[in-house]
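Here is a short report on one protein structure. Keep the 3D view open as you read.

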Amino acid sequence: MTRRIRADLDLSSARSVVSSRYGRSWLTNIDPTRYAVPVLVSELADKWVEVSSEIPGSSGMTQQAILRFSEHVQGQMDVASQPDFQLHDLRVRHLDAWEMSLLEHQRLHPTDSPYRKAVQFFALLRRIDDDDSGRLHAKVVDRLARPTRLSHIRKAGRSDFSDGELRRLRSAAHRLVFRANVDTQEGASVPTRDVLVALFILLALATGEPPEVLRQLTYDDIVASAAPGHGVPRSASLERLVRSDIVDSVCITYTKSRSGLKYDEVYNRKLHRALHHAVRGVVMITAAARQQTNERSLWLVESKGEVNQVNWANVSFRQWCDSYVHGERIEGKAQFSRLRKSVVRRELVVSPTRYLRDGRRHTSRTLLAHYTNSSTLRAHAGTLLVGTIEGLFAGAIGPTVITPEAEEILRDSVGASHRLTPTDPRVDLSSAHKGGLADCMDPLDSPHAPEGSVCPVALAGQCFTCPNAVITQEHLPALVEMSRISAPESSTDAALWREVWEPTYRSTTSILKLFPANKVREASDRGQAVLVDLGIRNGPRGLDE
């Protein structure tokens with residue numbers, strides 16, 4: 001049977017997307033003529049081009065997912081005999097077979113790439129169905145509503161630099177920058193790559209921004225204002241203000257390509273002296289180089305007789321450290337990302353509660369999962385947790401949720417008493433105040449009973465909206481069961497559901513999202529065994545059968 005192919009579908013031309021990384025442009029493409037299923041590849045490639053501007057940080061991985069899927073699917077027997085195979089012919093078996101091949105690859109090579117390919121490809125197909133309903137087979141759409149069976153694998157994070165290492169790094173960077181400033185005044189024009197590394201270290205330690213964000217900074221991303229009383233026109237260039245040493249404040253525009261986020265940070269000279277000196281060094285030392293090129297990057301170096309922005313892929317931080325850092329050798333892998341971790345750790349130790357509430361760096365979940373690989377931070381884990389608990393109490397927004405990552409950190413750092421109070425941050429998850437559905441910080445201080453009386457609703461589900469509750473992974477079966485019981489589709493009276501069950505439903509569904517999906521699925525099988533006392537069940541739930 002001859003299948004109808006869209007008349008406007010181009011089967012002979014490659015689709016291309018230009019993306020930027022570290023301030024450099026990269027061209028990626030998909031060529032349908034290289035595959036035995038050109039129609040399918042063309043349809044996928046057209047959608048990839050359309051959405052790439054929306055997902056700049058994931059465009060490359062989505063392209064790789066399309067290429068790997070196309071290579072795999074064209075080898076399946078039913079597809080090999082159909083050169084006009086297209087999206088509408090796609091079936092669940094094709095997706096499952098590809099997913100199984102990714103699972104096998106992930107088993108042999110435990111990396112995160114197979115998982116990311118599956119997630120990005122499934123998301124692309126869901127987008128196609130959203131934009132053009134009916135284009136995919138109904139069972140394929142149902143399959144896409146379920147998550148991939150691959151696991152998210154994240155390698156153990158590397159530790160930050162110690163305080164001693166930071167002092168030696170900063171000292172080495174200052175020595176190079178001072179020497180470069182002297183050379184600039186004597187007529188040297190273009191900084192060496194090692195000087196740029198020194199400037200980068202000082203800027204990274206002053207801002208705490210990720211390396212990939214700092215590498216994208218351009219001269220135009222920095223706006224300075226002069227201190228009052230100098231009579232400098234508003235139109236004065238950044239270089240003039242810096243050279244005259246009259247900068248009062250600096251505004252830097254940062255761009256995060258993967259998330260598409262752009263934001264401004266303002267730094268005052270008196271409050272942020274390190275940042276002021278770092279920006280001054282970058283602008284002054286690269287000033288002459290900027291006059292020799294149209295490049296607007298902050299990071300300019302001479303290569304093969306031309307001035308261009310430095311290729312950071314060719315920069316060895318380890319070699320720089322071995323050449324310029326005095327004293328003991330820098331331990332571990334010398335990576336620029338560890339500079340940011342060092343700043344994160346310093347900010348946390350100084351003011352953990354303010355850090356977690358601010359959220360500019362990371363959410364508390366991301367922090368506990370990926371940014372606590374530091375002996376100093378682990379020693380302060382109890383302080384960080386209690387600071388978060390105090391914020392929850394102040395806002396009266398519900399229970400304290402301790403994710404598996406947080407449990408591990410707490411076990412490594414503290415352990416004496418399970419009782420959680422704002423004045424006693426010690427935590428032992430082996431527990432003394434275990435409840436039927438959740439742990440409780442004080443069963444005699446229930447918001448549902450007079451002071452000193454035992455909580456009367458510990459088995460009724462209200463724990464999941466109570467600020468006294470402490471919820472860990474062992475409470476997942478109860479969470480799943482209460483989420484099922486309190487679901488709106490189970491109620492016969494919408495008004496009564498909103499009054500009695502909606503708070504529990506909203507709380508349980510939001511808490512479940514904080515735990516790994518595979519753990520939630522495992523807990524679902526044990527939910528029916530949870531003892532729940534619904535009390536007035538016949539009212540809001542309808543008659544028992």
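## The whole protein

This is a predicted model: local features need pLDDT of at least 70, side-chain atom pairs count only at pLDDT 80 or more, and totals for chains, interfaces and linings use all residues. Residues are numbered from 1 along each chain as its sequence is written, and side-chain values use heavy atoms, with hydrogens and water left out.

The protein has 23 helices and 10 strands. Both are DSSP runs, numbered from the N terminus: helices are H or I with at least four residues, strands are E with at least two. Of its 545 residues, 44% count as buried. Buried means under 20% relative accessible area, exposed means over 50%, and partly exposed lies in between (1.4 Å probe, protein chains only). Now take contacts, meaning heavy atoms within 4.5 Å. Among those between residues at least 6 apart in sequence, 65% join residues at least 24 apart.

## Helices that cross

Two packed helices are described by the angle between their axes and the distance between the axes. Axes are lines fitted to C-alpha atoms, for helices over the stretch in contact, and angles run from 0 to 180 degrees between N-to-C directions. Under 35 degrees is roughly parallel, over 145 roughly antiparallel, 65 to 115 roughly perpendicular, and the rest oblique.

Helix α2 (residues 59–73) packs against helix α5 (residues 113–131) at about 90°, with axes 8 Å apart. The two are therefore roughly perpendicular. Residues that meet include Ile 66 and Phe 69 in α2 and Phe 121 and Leu 124 in α5. Helix α8 (residues 193–207) and helix α13 (residues 317–324) cross at roughly 95°, and their axes come within 11 Å. Among the residues making this contact are Val 197 and Ile 201 of α8 and Trp 320 and Tyr 324 of α13.

## An enclosed helix

How many of the 10 residues of helix α20 (residues 476–485) are buried? Nine are, so α20 is largely enclosed by the rest of the structure. Among the buried ones are Leu 476, Glu 481 and Ile 485.

## Salt bridges

Side chains of opposite charge can pair when their charged atoms come close. A salt bridge is a side-chain nitrogen of Lys or Arg within 4 Å of a carboxyl oxygen of Asp or Glu. The structure holds 19 of them.

Arg 143 and Asp 96 form one, at 3.5 Å from N to O. Arg 143 lies in helix α6 (residues 138–144) and Asp 96 in helix α4, so the pair ties together parts 47 residues apart in sequence. Arg 143 is buried at 3% relative accessible area, whereas Asp 96 is partly exposed at 23%. Arg 243 pairs with Glu 239 at 3.0 Å. Both lie in helix α10, four residues apart, about one turn of the helix. Lys 47, Glu 50, Glu 54, Arg 127 and Asp 131 are linked in a network of salt bridges.

Asp 245 sits in the loop between α10 (238–243) and β4 (247–256). Its phi is positive, about 60°, although it is not a glycine. Asp 245 also forms a salt bridge with Arg 280, at 3.9 Å between the closest N and O atoms.

Glu 165 belongs to helix α7 (residues 163–185). Glu 165 is buried yet has no salt bridge; the nearest side chain of opposite charge, Arg 338, is 4.1 Å away. Here Lys and Arg count as positive and Asp and Glu as negative, while His and the chain ends are not counted.
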